[in-house]
Amino acid sequence: MEHDLFKQQDAPLVAEPRERIVASLDEERPARARQGGGIARLALHSVAFVFGVGILGVVAFAAFAALYLNKLNQDLPNYQVLADYAPPVTTRVYAGDGSLVAEFARERRIFVPIEAIPTLVKEAFISAEDKKFYEHDGVDMRGVLRAQIANVGNVLNGRRLEGGSTITQQVAKNFLLTSEQKVERKLREWLIARRIERTYSKDKILELYLNEIYLGNRSYGVAAAALNYFDKSLDELTLEEVAYLAAIPKGPSNYHPVRYRERATERRNWVIGRMVEDGKVSASVGAAARAAPLDAEIAPPLGARDWAAEYFAEEVRKEVADRYGAEALYDGGLAIRTTLEPALQDLAGRTLRKWLVAYDRRHGWRGPIDTVEAPGDEPEALSVAFDALVDHPKIVDDLAPWRPAIVLSADQDTATIALGPEARGVIPLDQLKWARKYVSADSLGPEVKSTADVLARGDVVYVSPVRESTAAQVDEVPTSEEDAAAAEGGPPPETDDGAIADDPFADDIDQPQKMISGMPVFSLQQTPAVNGALVALDPHTGRVLAMVGGFSFQLSEFNRAVQAQRQPGSTFKPFVYAAALDNGYTPSSIVLDAPFVAPSIDSWWKPGNYVAGRFYGESTLRLGIEQSRNTMTARLAQEIGIGRIVEYANRFNLADRLPRELAISLGSGETTLMRITAGYSTFVNGGKSVRPFIVDRIQNRTGETIYREDQRVCEGCDSPVWEQQSEPSLADSRDQVIDPRTAYQMVSMLEGVVKRGTGSRVRRVVNKPVAGKTGTTNEYKDAWFVGFAPDLAVGVFVGFDLPDTLGQGEAGGIVAAPIFGDFMSTALADTPGLPFRVPSGIRLVRVNAKSGRPAGPGEGNVILEAFKAEDAVGGERPYDRGLDFDPLTDGSDEEAAANGDDLSGLY
């Protein structure tokens, strides 16, 4: 209501009476009061409405949440499976001395119970991941709040969001959920974590976590990571090493110890700092650990741990997979104890490699690995060129210290090479003078007078560092055609000094690398086109102590020791002679070495000796095998019958099927290096059968033995105390293949091969009793040497994978015997020079080495010949026994003893 308190301006002002004004105000006051009360009531009603709606919303939300959580609860994975946790575990292969040979798995994983995990490891992970692990009930709400606050910055900076997960939550996620970043997955994680906490102890939860957490490099669990990064067991880790492992879960790829070493070190030091804050280690100890360098490295890929054992490990893998299946092999956590002797295996690999290179070098340079478009000298251009070589099939990792290089220039005296985008080196002329051009197996190109004669810009080649102490390379080259012939069929050459070839893979890193004009010096290398194999057995048990199936497993996985079916050549002859000795012949029996013709399947067979057209007349069996006479061996085979030879070959398990023709007496059948080496083992072990094997024992993940090679039972071996009982004895389950006396006669004759015959190169480098036989096939396509010491049998084969000539004169005595001798000289270096064991029933008689007749007083050229007690001495064969005599059933020891013969002996 509007009041006019004043008159118009042009009228005189006259005040209204006071009473009127007061009355007017009294009338207005109730109206205003009525208006204000309505507004208050409206506001009150509005608040009540909003509150009611809020209550309903909260109730509805609570109901929805309850229904939603109930649904999540019903759909939760069964956390009870954690009680039966049995993760895929790495299968590990061990050598005979317990060292690790190989690992097979889809993931690197080793399960360790919580009791065996060191306290330091547990504390490091708790400090880094969940410091209140032993206080919360599965979910740490303070940690969740901190993570959400941190996520504000993470969102602004484009970083990965944090979840504030406890160790229990991580167990729930790793075992039962996925890693997707969704609210529903997080809620499930919380629910499962609380249930886990109510069901399992804290130690059980921590055990699950430390065995399941992914720590990079295909490593699952702390034990696998300790081995893969530091090659240590958990109890050997230092504080800084433990801290690095605890730093990895935050981001395995972000803290790679090689690619991101600085970042990884920083994260490791942060973990150490947290441990100091939590009172787990002292400040001084923490400071020392932070100052230590990060020494973590990346373990080699799954498989063999060393290049030398790759062929052996692959044979183990195939055998176990065939026996138990792939799942047991890769996930079953088997512990496989093998027969491998690491020192012999490494020696076998190095010896075979260096002599294959020696052979290859004397046949010249076949050209570069590849040729790339001539790159510029700039690092960027070279980086592109080297990146293109990463997957090259001829560039592999198991040839260290050899490495690929790209030739940048080649002049008169030196070639400049790039070993990486910025690394440079030189190859001087004297380090490639061997590289005359290969023309054929028997001819080479002109002498190398300039590095440009061999190399050109853009060539990709292998090189190796030259150290200040590196000696000149010595290649084993026949001095003449007569020298080469002597290696298989005549007296040893006087001009050959039997030098041992230098090892092209030796790299003494303690010696400084040779430098020219401030650039490191390298030697030109070439992977051999030829290949080969070497095996070493325990001749008494058949344990395979070493096996190398080729020059490089990564270049060729074909195992020439067990897969290559090749003609053994003259290494087969001892089995022919054994059949003769077992059937009435003696080492002094005479066989005519003269031209010989016999019917073959579709033609006439006319064998010849190593030196064509040369024959030696009447010769003893010993002389025949020492000088590897072909025609007299064929004649001997015809005398005793091809059927008997095949029977003896079957006894020795040399082949599954041999053709019934006389040519097999000279090694025309096919066998493997492993089989024939096992056959030679029978000679030195007293005539017992030998089955080579590579696996001693297999245990499952719980330690139970599920396979054992030796099935013999030792009665009385488990007696707790000695009560005057006799010493337990193990039964010998091996089959007797030939008469033990025959076996020794063969040992004596094969020892003569090394002393006076085609294996004389071995004698020049091995000063211990050894025996063996060379072997060469037609056109020099295969070179062999198989032999033994009293407790070690070794076989060597060299040849092209697609049979081709090794070159004129490249016989077993030239190519394979030096490998055998080099290996044996080192393998036997620390063993006493024991003579071969002589069995009972053998008489050692002085005879003329050439005629086989008893030697007179003062006579020269005399040897001790091994005769059986019943043998006639004097170069004659006791025909009265005939070829129906069975040396394994028709005993003669008693008869000889009655005649006063001393049959005592050692075996």
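Modeller: A residue counts as buried when its relative accessible area is under 20%, and the model discussed here is a predicted one.

Biologist: Are Trp 784 and Phe 797 buried or exposed?
Modeller: Trp 784 and Phe 797 form a tilted aromatic pair, with 5.1 Å from centre to centre and 55° between the planes. Trp 784 belongs to strand E26 (residues 782–789) and Phe 797 to strand E27 (residues 792–799), 13 residues apart. By the cut-off of under 20% relative accessible area, both Trp 784 and Phe 797 are buried.

Biologist: How many aromatic pairs does the model hold?
Modeller: Ring centres must lie within 6.5 Å of each other for a pair to be counted. By this rule, the number of aromatic pairs is 22.

Biologist: How many residues apart in sequence are the parts that the pair of Trp 402 and Tyr 462 ties together?
Modeller: The rings of Trp 402 and Tyr 462 are tilted, at 5.9 Å centre to centre and with 45° between the planes. Trp 402 is buried, with a relative accessible area of 5%, and Tyr 462 is buried as well, with 2%. Because Trp 402 lies in the loop between helix H14 (379–387) and strand E8 (403–410), while Tyr 462 lies in strand E13 (residues 459–465), the pair ties together parts whose separation in sequence is 60 residues.

Biologist: Which residue lies over the face of Phe 551?
Modeller: A charge is counted over a ring only within 6 Å of the ring centre, with an angle limit as well. At 5.3 Å from the ring centre of Phe 551, the residue over its face is Arg 353.

Definitions and conventions. Residues are numbered from 1 along each chain as its sequence is written. This is a predicted model: local features need pLDDT of at least 70, side-chain atom pairs count only at pLDDT 80 or more; totals for chains, interfaces and linings use all residues. Side-chain values use heavy atoms; hydrogens and water are left out. Rings of Phe, Tyr and Trp (its six-membered ring) pair if their centres lie within 6.5 Å; planes under 30 degrees apart count as stacked, over 60 as edge-to-face and the rest as tilted. Helices (H or I, at least four residues) and strands (E, at least two) are DSSP runs, numbered from the N terminus. Buried means under 20% relative accessible area, exposed over 50%, partly exposed in between (1.4 Å probe, protein chains only). A charge sits over a ring if NZ of Lys or CZ of Arg is within 6 Å of the ring centre and within 35 degrees of the ring normal.
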